[in-house]
Amino acid sequence: MRDLEPVRAAAVVRTQEHDVFLCHAWPDRQDDAKDAYDLLVGEGVSVWFSEVSLRPGTDMRVAIERGLVSSRMGIVLVTPAMLDKLRTDRSVANAELSALLRRNLLVPVMHGVTFEELDQVSPTLASRGGFNTAEESMGDIVVKVAELVGTLADEEADGLSMKSADT
């Protein structure tokens, strides 16, 4: 696991509709990304996930932008398919990553790839603190993400309590 303090510091001040925006490659949407989504929801994390959040006939880019804005932090599921997309596709996946990277609210989760492989494709993303399923299970990673967003929610509540006590 890499250092998540920059993400934690950026996300603590955000009160959004979703805890997490799950960024993934399209080919992973019905397998690895769906599994991660199910585990996150099972831990009480609210997730913006394309397979659930996108409705038929919706402009995908607009919906994704709204999902990004309505989420406190982003998880990028970095799989071989995501690496392929990042190497060749300069559309939606890169736009999602760019928006998350600009806000310092991004946690990469390596799944079937290494940080070194990601560094060859996206050094900026590879430099972020994150997780690797080769080192711990997706279930354990999801618990840590749930704890992170739960801690953030507690700190937000404490911050609001302090503000109201000051007035």
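Leaving aside its neighbours within four places in sequence, which residues is D19 in contact with? In this predicted model, the residues that D19 touches are G44, V45, S46, S71, R72, M73 and V149. One of these contacts is polar: the side chains of D19 and R72 are joined at 3.0 Å. D19 itself lies in strand β1. Its relative accessible area is 15%, and since buried means under 20%, D19 counts as buried.

The protein chain contains nine helices and five strands. Followed along the sequence, these elements give the pattern α-β-α-β-α-α-β-α-α-β-α-α-β-α. Of the 167 residues in the protein chain, 48% are buried. The accessible surface of the protein chain is about 8,400 Å², and carbon and sulfur atoms account for 50% of that surface. Among contacts between residues at least 6 apart in sequence, 74% join residues that are at least 24 apart.

The five strands form an open sheet, in the order β2-β1-β3-β4-β5, with parallel pairing. At the edges are β2 (47-48) and β5 (131-132), each of which pairs on one side only. In the sheet order, β1 stands between β2 and β3. Strand β1 covers residues 18-23 and strand β3 covers residues 71-78; five bridges pair them in the parallel sense. Along this pairing, C23 of the protein chain stands opposite V76 in β3.

Helix α2 spans residues 32-42, and its buried residues are A33, A36, Y37 and L40. These four residues lie on the same side of α2 because they cover an arc of only 100° around the axis. After the helix comes G44, which has a positive phi, near 85°. G44 is also among the residues in contact with D19.

How many aromatic pairs does a search of the whole structure find? The search finds two. For F21 and W48, the ring centres are 4.8 Å apart and the planes stand at 10°, so this pair is stacked. Because F21 lies in strand β1 and W48 in strand β2, the pair ties together parts that are 27 residues apart in sequence. F21 is buried, with a relative accessible area of 0%. W48 has a relative accessibility of 6% and also counts as buried.

The other pair is formed by Y37 and F49, and it is stacked too, with 4.9 Å from centre to centre and 20° between the planes. This pair links distant parts of the chain, 12 residues apart: Y37 is in helix α2, and F49 is in the loop between β2 and α3 (50-53). Both Y37 and F49 are buried.

Methods
Residues numbered from 1 in each chain as written. Predicted model: local features only at pLDDT ≥ 70, side-chain atom pairs only at ≥ 80, totals over all residues. Heavy atoms only, no water. Buried < 20%, exposed > 50% of the residue type's maximum accessible area, 1.4 Å probe, protein only. Helix = DSSP H or I, 4+ residues; strand = E, 2+ residues; numbered from the N terminus. Arc of directions from axis to C-beta. Pairing = 2+ DSSP bridges. Phe/Tyr/Trp six-rings, centres within 6.5 Å; stacked < 30°, edge-to-face > 60°. Contact = heavy atoms within 4.5 Å. Areas by Shrake-Rupley, 256 points an atom, 1.4 Å probe, with all protein chains shown as cover. Polar contact = N/O pair within 3.5 Å; in protein donor to acceptor, adjacent residues only side chain to side chain.
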